[in-house]
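Thank you all for coming.

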Amino acid sequence: MLDVPKIRSILANAAFLDLEFPISGSECHTHLLRPPLSMEELDAWESLMQVSLPADYRTYLTKLGNGGAGPSYGLTPFHSPMEEALQKPTVFSDDAQPQFDQLARQWYVYMHEDEYELYEDYCRNTAEKDRLSFNDWDNRRYDFIDRTVKQFLFENGQLFIANQGCSNDVYLLLNGSHRGMCNCNSTEYDYSYPFWYQKADHHSAIIWPQYRDTLVTFEDYFMHYVDQAEQLCASIPFEKKLRFYRERMQVLEFQDAIEEEDWDRVLSMLIELAPAELPTKIRRFYRYHQRMLETQFPERPEVTNFFREMDRTYRYRCSESSYIQGNAGFSTMYPYPSFEDFMQSISQLGSEMKIP
């Protein structure tokens with residue numbers, strides 16, 4: 001069972017203390033939870049869909065947050081999906097092993113076929129007047145694969161709850177022998193994704209007993225991240241906390257100057273900053289204001305030079321620009337915080353930290 005008060009305390013601490021995001025993907029949600037979903041809304045959805053969500057996932061949605069902080073890029077908000085596929089039996093179940101194994105073999109074959117060779121064979125065996133163009137033929141082929149394989153492996157009886165990058169998705173099984181388990185899945189048949197082939201032989205499709213061993217409960221999936229966040233906070237040395245505190249105070253003062261439209265103070269503070277030395281979360285704050293500052297100071301080289309230095313020292317592992325709601329590149333798939341929540345996670349530490 002999820003320990004809600006303890007988890008809230010750990011994540012609040014992480015949201016305040018972590019400015020560098022060493023946990024992969026945490027730069028997206030910054031350890032912040034979205035507001036919880038009401039129990040009434042979730043009950044209404046379950047009654048309408050005749051689907052019962054696992055208890056640990058319900059606890060996350062209704063007691064912690066409707067998306068936000070979680071493994072990798074975080075958990076996707078629950079938007080009461082109405083797809084009929086959610087009600088259908090999943091093949092990720094002991095009683096569906098023959099079907100799962102057959103579908104896994106078909107998926108392996110389809111993903112390794114040379115579609116151009118297949119089209120050439122089709123043309124050799126089809127009268128010219130009856131031939132489809134390559135695009136039309138290829139679309140029909142993929143429609144067939146979608147209906148006969150992908151629907152069963154990626155839709156039926158599964159709720160999408162997270163994306164961990166590229167096509168690496170996480171689904172929650174809604175029925176079958178392993179209801180409530182998390183299924184990490186991918187529509188790409190790439191050997192960097194060990195979902196569809198046997199580890200000992202990359203040229204053989206996986207079978208159900210091997211795939212079953214990869215499943216984890218939602219609680220285990222989520223708590224692995226929570227444990228990482230707790231360990232991270234415990235490992236930050238006091239000297240770094242002190243430096244982070246001062247940088248947070250600079251951010252709060254800078255934001256006050258913007259809200260008061262004290263542009264002389266804004267410019268003087270910006271000039272004193274060294275972009276290369278700022279932690280990722282603080283850099284994101286200034287990135288958020290970049291367009292406004294460039295508009296406000298079109299003729300001031302100090303502003304141009306500041307953001308040029310930001311570009312020169314850009315940290316590719318963590319995006320510095322798009323992970324706040326309202327910025328360019330905003331996507332509803334990921335639980336980006338609002339600017340207000342982002343600022344709250346900066347301001348609250350100031351009242352908690354004791355500086356000698």
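This is a predicted model: local features need pLDDT of at least 70, side-chain atom pairs count only at pLDDT 80 or more; totals for chains, interfaces and linings use all residues.

Let me begin with a question: how many residues lie between S1 and S2 in their hairpin, and which residue in the turn has a positive phi? Residues are numbered from 1 along each chain as its sequence is written, and side-chain values use heavy atoms, with hydrogens and water left out.

Now the answer: the hairpin of S1 and S2 has 4 residues between the strands, and Gly165 in the turn has a positive phi of about 115°.

S1 and S2 are joined in the antiparallel sense by 5 bridges, and here Ala162 stands opposite Val170 in S2. Strand S2 (residues 168–173) also pairs with strand S3 (residues 181–186), again antiparallel and over 5 bridges, and in that pairing Leu172 has Cys182 of S3 as its bridge partner.

Is S1 mostly covered or mostly exposed? S1 is mostly covered, since 5 of its 6 residues are buried, where buried means under 20% relative accessible area, exposed means over 50%, and partly exposed is in between, with a 1.4 Å probe and protein chains only. For the whole chain of 356 residues, buried residues make up 49%.

Let me turn to how helices pack. For the angles and distances that follow, axes are lines fitted to C-alpha atoms, for helices over the stretch in contact, and angles run from 0 to 180 degrees between N-to-C directions. Angles under 35 degrees count as roughly parallel, over 145 as roughly antiparallel, 65 to 115 as roughly perpendicular and the rest as oblique.

Helix H6 (residues 115–124) packs on helix H7 (residues 134–154) at an angle of about 110°, with the axes 11 Å apart, and the two are therefore roughly perpendicular to each other. Their contact, meaning heavy atoms within 4.5 Å, involves Tyr116, Leu118 and Tyr119, among others, from H6, and residues including Phe134, Trp137 and Arg141 from H7. By class these contact residues are 7 nonpolar, no polar and 3 charged; here Ala, Val, Leu, Ile, Met, Phe, Trp, Tyr, Cys and Pro count as nonpolar, Asp, Glu, Lys and Arg as charged, and the others, Gly among them, as polar.

The axes of H10 and H11 come within 8 Å and cross at roughly 150°, so H10 and H11 are roughly antiparallel to each other. Among the residues making this contact are Phe254 and Ile258 of H10, together with Trp263 and Met269 of H11, and the classes are 7 nonpolar, 1 polar and 3 charged.

A further pair is helix H4 (residues 55–64) with helix H9 (residues 218–235), which pack at about 50° with their axes 8 Å apart, and that makes H4 oblique to H9. The contact is made by Asp56, Tyr57, Tyr60 and Leu64 of H4 and by Phe218, Glu219 and Phe222 of H9.

Most residues other than glycine have a negative phi. Phe21, although not a glycine, has a positive phi of about 55°, and Glu261, also not a glycine, has a positive phi of about 55°. Phe21 lies in the loop between H1 (4–17) and H2 (26–29) and is buried, with a relative accessible area of 0%. Glu261, by contrast, lies in the loop between H10 (238–259) and H11 (263–271), and is exposed, with a relative accessible area of 56%.

Notes:
Two strands pair if DSSP finds at least two bridges between them.
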